[in-house]
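Please look through the chain below before reading the notes. The points that follow go from the whole chain to single residues.

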Amino acid sequence: MDEDNAAARVIEHLRAAARSGRAGDRMPSVRELMARHRASPATVQQAIQRVAAEGLVEVRPGRGSYVAPRTAATSHDLSWQAVALGEGRPGEDLVANLVAVPKPEAIPLTSGYLDPDLQPTDALGAALSRAARRPASWGRVPVEGKEELRAWFAKEAGGELRAGDITVCAGAQEALATVFRGLGDRGDAVLVESPTYLGAIAAARDAGLKVVPVPADQDGVRPDLLQAAFERTGAKVFYCQPLHANPHGAVLSDERRTEVMRIVRGVGAFLVEDDWARGFTIDGTAPPTLVSQDTDGHVVYVRSLTKVAAPGLRVAAIGARGPAGIRLKNTRSRQDLYVAGPLQEAAIDFVTSPVWRRHLRTLQQSLRSRRDALRRALGEHLPELEIARSSGGLHLWAQLPHDVDDLELTTAAAARDVVVFPGRPWFAAEPPGSFLRLTYGGAPEHVLAEGVRRLADAMVAVRR
């Protein structure tokens with residue numbers, strides 16, 4: 001990927017500058033490196049951190065980075081590690097870039113988490129405090145998780161799932177890693193919507209799977225192309241986000257839901273339902289889960305509390321029946337024994353109390369207002385963007401004019417202290433154009449409006 005190549009270029013540039021300079025010399029700034037190597041700000045920051053870890057660069061917060069003194073502690077040559085580690089895994093830094101914490105002064109027009117003002121932190125803090133005072137919270141926990149929490153996830157999923165089919169994980173990313181490692185063998189093909197969540201692409205590739213994209217539109221994945229992809233690749237796993245797909249916001253239509261399930265049953269495959277946006281529907285009513293309509297165990301269900309509550313509530317679940325459920329539980333136990341007891345107890349306390357439903361109602365109202373505000377700002381300042389329809393979730397998917405490169409615009413926006421995320425990493429293959437994922441759930445309305453004004457200035461700059 002271009003970002004991988006950019007990261008390598010930035011690292012080599014920094015190493016060369018550090019080795020040729022004198023201790024205390026100022027290193028190139030983040031903005032200089034972004035412009036020279038067409039790299040995102042997160043990629044540049046990670047490159048600086050890596051060279052700093054090698055002892056070549058000293059980072060001074062708020063002032064920049066400098067050539068480190070060549071003392072006994074910092075003069076060791078660690079370049080041998082590059083040979084020992086070998087070629088990096090494709091896209092291994094993408095998730096880290098996505099969740100990188102922006103500078104305090106930056107405007108976040110992309111984020112995977114709710115604005116702190118929308119997080120139920122008081123209720124979570126009270127729940128965790130109560131959980132911490134219970135001695136049983138600190139004891140051993142079953143690998144699959146606490147019974148009451150598993151029962152809640154099963155009830156939420158609907159259909160045939162029971163508490164015994166649920167395995168609790170430390171967040172959705174761990175759940176996806178477990179699913180891909182458990183259901184696939186290295187070298188297998190896994191089908192994904194295109195575009196799709198880049199964390200799923202990264203997890204599948206990390207499991208040694210070959211990621212095969214299947215185009216989606218505003219009604220979700222195209223069944224005709226899904227059927228063809230199964231026939232061509234022999235894949236046995238399809239990763240799908242039927243509700244407010246990240247990044248493009250599509251909801252799988254009723255007609256396609258039926259067709260997709262028919263195709264999956266016909267080829268004897270698993271459908272991984274990533275129900276990440278349950279609770280984020282702001283127009284109309286959310287459709288039921290696919291797993292609730294699955295009688296034969298083809299759907300493997302993934303649900304997380306992190307997105308809809310707070311980043312610190314790293315609690316998610318996998319739902320799968322039969323031998324698949326047993327395999328995934330065993331796979332999970334090889335990665336990490338269990339999620340901390342106090343966190344599970346706090347999650348149980350939170351989701352089974354009246355505050356949970358009140359939080360969802362308030363959240364949906366706030367997200368609707370912020371989505372509409374972001375749309376208005378885009379219509380006023382960037383009318384040339386094509387914005388995909390969105391009835392929920394956290395993001396708007398914007399297609400850029402043909403003469404604007406998403407990486408160049410991301411760099412130009414960062415120079416104006418606006419954080420956006422380019423579209424191309426969300427595609428497992430070559431993207432059909434340039435896109436941005438713009439988030440309305442991560443900042444207040446007036447901040448979103450200012451961010452769009454600055455983004456419009458960045459657009460003018462890249463077109464010169």
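1. Of the 464 residues of the chain, 54% count as buried. The model is a predicted one, and every value in this note is computed from it.

2. The overall dimensions come next. A compact globule of 464 residues would have a radius of gyration near 23 Å, and the chain agrees with this because its own value is 23 Å. Taken along the principal axes, the box filled by the C-alpha atoms is roughly 65 × 50 × 50 Å. The chain contains 16 helices and 16 strands.

3. On one side, β5 is joined by 6 bridges to strand β6 (residues 210-217), and the two run parallel. Within this pairing, V190 has V211 of β6 as its bridge partner. Between β5 and β6 the chain passes through helix α9 (residues 198-206), which makes a β-α-β crossover that is right-handed.

4. Strand β8 (residues 237-240) also pairs with β5: 2 bridges join them, and they run parallel. Here L191 stands opposite F238 of β8.

5. The antiparallel part of the sheet can be seen at β10 (residues 299-304) and β11 (residues 316-319), which are joined by 4 bridges. R303 has A317 in β11 as its bridge partner.

6. Which cysteines are in disulfides? A search of the whole structure finds 0 disulfides. C169 is in none, and the nearest cysteine sulfur, in C240, is 19 Å away. Seen from C240, the closest cysteine sulfur is that of C169, and 19 Å is too far for a bond; a disulfide would need the two sulfur atoms within 2.5 Å. C169 is buried, with a relative accessible area of 0%. C240 also counts as buried, at 0% relative accessibility.

7. Aromatic rings come next. How many aromatic pairs does a search of the whole structure find? The number is 9. One of them is W152 with F153, an edge-to-face pair at 5.1 Å centre to centre, with 75 degrees between the planes. W152 and F153 are buried. Both belong to one aromatic cluster, formed by W152, F153, F350 and W356.

8. F421 and W426 form another edge-to-face pair, at 5.9 Å centre to centre and with 75 degrees between the planes. F421 is buried, and W426 is buried as well.

9. A last point concerns a charge and a ring. K307 lies over the face of Y113, at 4.6 Å from the ring centre.

Notes
Residues numbered from 1 in each chain as written. Predicted model: local features only at pLDDT ≥ 70, side-chain atom pairs only at ≥ 80, totals over all residues. Heavy atoms only, no water. Pairing = 2+ DSSP bridges. Right-handed = clockwise from strand over helix to strand, strands pointing away. Phe/Tyr/Trp six-rings, centres within 6.5 Å; stacked < 30°, edge-to-face > 60°. Buried < 20%, exposed > 50% of the residue type's maximum accessible area, 1.4 Å probe, protein only. Lys NZ or Arg CZ within 6 Å of the ring centre and 35° of its normal. Rg over C-alpha atoms; globule rule 2.2 N^0.38 Å.
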